[in-house]
Amino acid sequence: MTEPTIFEMSSPGRRAVKMPAVDVPEVPLPKGFERQNLAFPEISELGVVRHFTRLSQLNYSIDTGFYPLGSCTMKYNPKINEATARIPGFGHTHPLQPEDTVQGNLYLMYHLQKMLAEIGGFAGATLQPAAGAQGELVGALMIKKYHQDRGDFQRLRMLIPDSAHGTNPATSAMVGFEIVPLPTDPRGNVDLEALKSLVDDRLAGLMLTNPNTLGLFDENVEEVIKIVHQAGGLVYGDGANMNAILGVAQPGKIGFDVLHYNIHKTFSTPHGGGGPGSGPVVVAERLLDYLPDPVVDIIEEGDEENPPLYGFVTPAKTIGRIKSFHGHFGLLVRAYTYISMLGAEGLRDIAEKAVLNANYLQEKLKGTYTLPYDRSCMHEFVLEGFWEDVPEIHALDIAKRLIDYGMHPPTNYFPLIVKEALMIEPTETESIETLDRFAEVMLKIAEEARTQPELLKNAPHHAPIKRADELKAAKDLVLCCYPMGLEQD
Amino acid sequence: MFTPHTQKDVEVMLKSIGIEKIEDLFTEIPEKFRYPKLNLAPRLTEIEAAMELESIASANGSTKDLLSFLGAGAYDHYIPAIIDNILQRGEWYTSYTPYQPEISQGTLQAIFEFQSLICQLTGMDVCNASHYDGATAAAEAMILADSHFRGKRNKFLVSRAVNPQYRAVMRTYFQTHDDVHILGDEPETGIETDLQKLIDQIDNDTALVLVQYPDFFGRIVDYKPLIDAAHAHGTLVAVATNPTALGILTPPGELGADIVIGEGQPLGIPLSFGGPYLGYFAVTNDLLRKIAGRLVGETQDVDGNLAYVLTLTAREQHIRRGKATSNICSNQGLMTLAATIYMTVLGKEGFKEVSNLCYQKAHFAAEQVGQVEGFTLAFPETPFFHEFVVKSEKPVADVLEWLRDHDILGGYDLGQDYPELKDHLMIAVTEKISREDIEYLAAVLKEEYHD
């Protein structure tokens, strides 16, 4: 089915929201700068409502069904978060208001910094990064500056496991690190021998995702960190998978020096069709002074009658400001709400149920699908979406066939070290009935692959569109609808 | 909380896995690190959390209670009711990146429409699915220019009249690049609108010039001479733009800009203490393949039906890893949707009306405040949009405090960023400000002066 674009729906002279008349004496528009044409659509308000409602119905979402998209932690987004973020006292504050008029915001940020540091076992936090990838950039910049301040200008090599997210090497490249790939051993851990052979006084650090993207907790994590530290490097933690170990383990206590959270994964803020994310970074003592400018601190201690006065302060050796204003504050309110409703006990429950759900599914599927790293998993696991006896069927076909059964496909073709990867993360908010249904469908698809492979090859059959031609999109680039009434060359 | 497992479910699942207790799933974590005692407050129920957050928020004074003339990069515009209503549909906010186009056509088409609207607004050919905010979009413009010249041009010029936070973020992003020099915003180059001192610095080693339109002080400056001078050296020009202003002003694309970026917050996004907002990023066709972030393109499905997909993904980190155009991995999804609905529901006429209201009211405010003894317009001869600067005879801090006592957020103290503009106050006016509000501001200022 096709929904016309807003430009196709436009009808000259039609109006939706109108503005009041000018209530002050009018002055002429600035000479020489007057705009000649603005070809925005002209649609009634109901027309706009229906358009965006119909479009929404073409989307699959957590609120409509099971969404086991590995590495993305598609858990339930509690509705209360939406209510608290919209409290006028939060939603209608300007980022440049005097600090004494935003003590509520600063209180919330100060305490969220503390909570996130405590959950991860670190000394301090910044809430400024706009997303996980920007958190990585903050971490990489801090690591570089830390070494430079110690005179270690030669420390430019960043070790990155071959199972890592693409953002890790992309971030390292942005700050001018040399990317050194680190192999994974047959059990899915960092290859210790390779690690030992790669560290020397040129080592800046290691970017480690733990649990890693195979959904496995590195069995040698202490040894890995020790090797890096002994060589003078720092260990960056990609916290994409923190959901698995909330309240169960603290990376900072294990020895990580810096770690980013993905608030939209671990702490239930909405994924929003691709963002906004939020990527607070927590650090060990030795990196505290390098945090982005500014952080929130207590400016004046409180007493029996007065609460403390909160304000922004600049860390002594800061890497500087990483974005405008104070981070994705609206998302921080949601995360604060979520953590408040969980407490230590609830956080542990989240991790335990996320890991229980993943292991339950892994157990049900591993006979029918190849499980390349056959161990107890954390919050997710990776299967091969490929069988020797039906070589024409690929992970993509399995993924598309799942759509016909009303489920969102797992992440496919990542991590790169697994052939035809299907990365499955059920999350803790799914019930046993949903997991059973998914397992049943996955087994059915494995059977169909042998009996009616065309059902998979041509899937999806029951979706708003059939498979889309991605090559054509890249070849005959159309990135804009041509607004009506506007000449195009 | 939020986990549906009954005791019986857990038992069935443990048995199926073949273990006795959940703790057995975590034995790979070294024992000494397992189950730390976290120092967090006891958990709250929903009603308790709602009350707690209400109570925290009550310590703020919001723009609902205070009459606000604060701008400087974030603006208090009216947000039509339809926007948040649509945004709160779960199909929008609980979906993720549209990697499976068959079940993401809603998100994909909305981004495609966003790209189209921004191209129309800015007069550019191509726009991506957004960056984090205006400041990071400015940094990404530098990354693009650096890559365009393959690192062979090392000079990046940025006008001193560009938002100081944008300039700070650009420097943060490039602090580890010893060969990159960000220049042009020194006090000596100044903030004159003839731009001659900035133009004089453009040479064949200059990769990019970044200016702001209207500039940080709200002034409307003719950038044509600067753009022509830059192009004569093969230098790219990026223009940071306030989208609201483009309802009435000539779009930068028509002036010859190569890159147009900006803060999208004025497009229907709440102030929310600074975020989440969105950074828009539009370029000419020549720069298309260097653009970072997500792009949505039109195509067909196997039955020949119109369809939308993410395209040119080979530029991005999940494919190119260390050689990607940027490490960006998200876009401001929900915020771009808000902006798309905003531009659509205001439409051709409504958008111009907002722009004109801001312009007219700001001019009335400038006239009123300029008449108050002790205040003079700092740039009386320069056209401006909806923000203007006044010089105060008294310290700005005192003026702002006096206004605060009358429940007015009086504006932005420029002295904190510009030593040369000590005692200068910047006042922003949007369509939400009434004539009476402006007269009240002037009256309170007058009263202060005579106090």
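**Notes on the predicted two-chain model**

1. B:Ser130 counts as buried, at 0% relative accessibility. Buried means under 20% relative accessible area, exposed over 50% and partly exposed in between, with a 1.4 Å probe and protein chains only. Phi of B:Ser130 is positive, near 105 degrees, and the residue is not a glycine. B:Ser130 sits in the loop between strand S2 (126-127) and helix H6 (134-148) of chain B. Helices (H or I, at least four residues) and strands (E, at least two) are DSSP runs, numbered from the N terminus.

2. Ground rules. This is a predicted model, where local features need pLDDT of at least 70 and side-chain atom pairs count only at pLDDT 80 or more, while totals for chains, interfaces and linings use all residues. Residues are numbered from 1 along each chain as its sequence is written, chains are lettered from A and ligands numbered from 1 in the order in which they are written, and side-chain values use heavy atoms, leaving out hydrogens and water.

3. A:Ser268 is buried, with a relative accessible area of 0%. Its place is the loop between H11 and S7 of chain A. A:Pro276 is found in the loop between H11 and strand S7 (281-283) of chain A. The bond joining A:Gly275 and A:Pro276 is cis, with omega about 5 degrees.

4. Another cis bond runs from A:Asp293 to A:Pro294, with omega near -5 degrees. A:Pro294 lies in the loop between S7 and strand S8 (295-300) of chain A.

5. The term means a pair of cysteine sulfur atoms within 2.5 Å. The pair to check is A:Cys480 and B:Cys119. The sulfur of A:Cys480 has its closest cysteine sulfur in B:Cys119, but at 3.2 Å, so it is too far for a bond. A:Cys480 is buried at 10% relative accessible area. B:Cys119 is buried at 6%.

6. Chain A divides into domain 1 (1-24 + 42-58), domain 2 (79-340) and domain 3 (353-475); the bounds come from an automatic or database domain assignment. The contact (heavy atoms within 4.5 Å) takes 23 residues from domain 2 of chain A and 17 residues from domain 3 of chain A. The C-alpha centres of these two domains lie 31 Å apart.

7. The largest pocket has a volume of about 1,200 Å³. On a 1 Å grid over the protein atoms alone, a pocket is an open set of points with protein on both sides within 12 Å along at least five of seven lines; a cavity is a set where a 1.4 Å probe fits but cannot get out; lining residues have an atom within 4 Å of a point. Points are joined across faces, edges and corners, and a volume is the space filled by probe spheres set on them. Of the 50 lining residues, A:Thr411, A:Asn412, B:Tyr99, B:His318 and B:Ile319 lie nearest the pocket centre. The lining holds 23 nonpolar, 18 polar and nine charged residues. Ala, Val, Leu, Ile, Met, Phe, Trp, Tyr, Cys and Pro count as nonpolar, Asp, Glu, Lys and Arg as charged, and the others, Gly among them, as polar.

8. There are 10 cavities of 30 Å³ or more. The largest cavity holds about 180 Å³. Its 18 lining residues include B:Gly73 and B:Tyr75. The second largest cavity holds about 90 Å³. Its lining has five nonpolar, seven polar and no charged residues.
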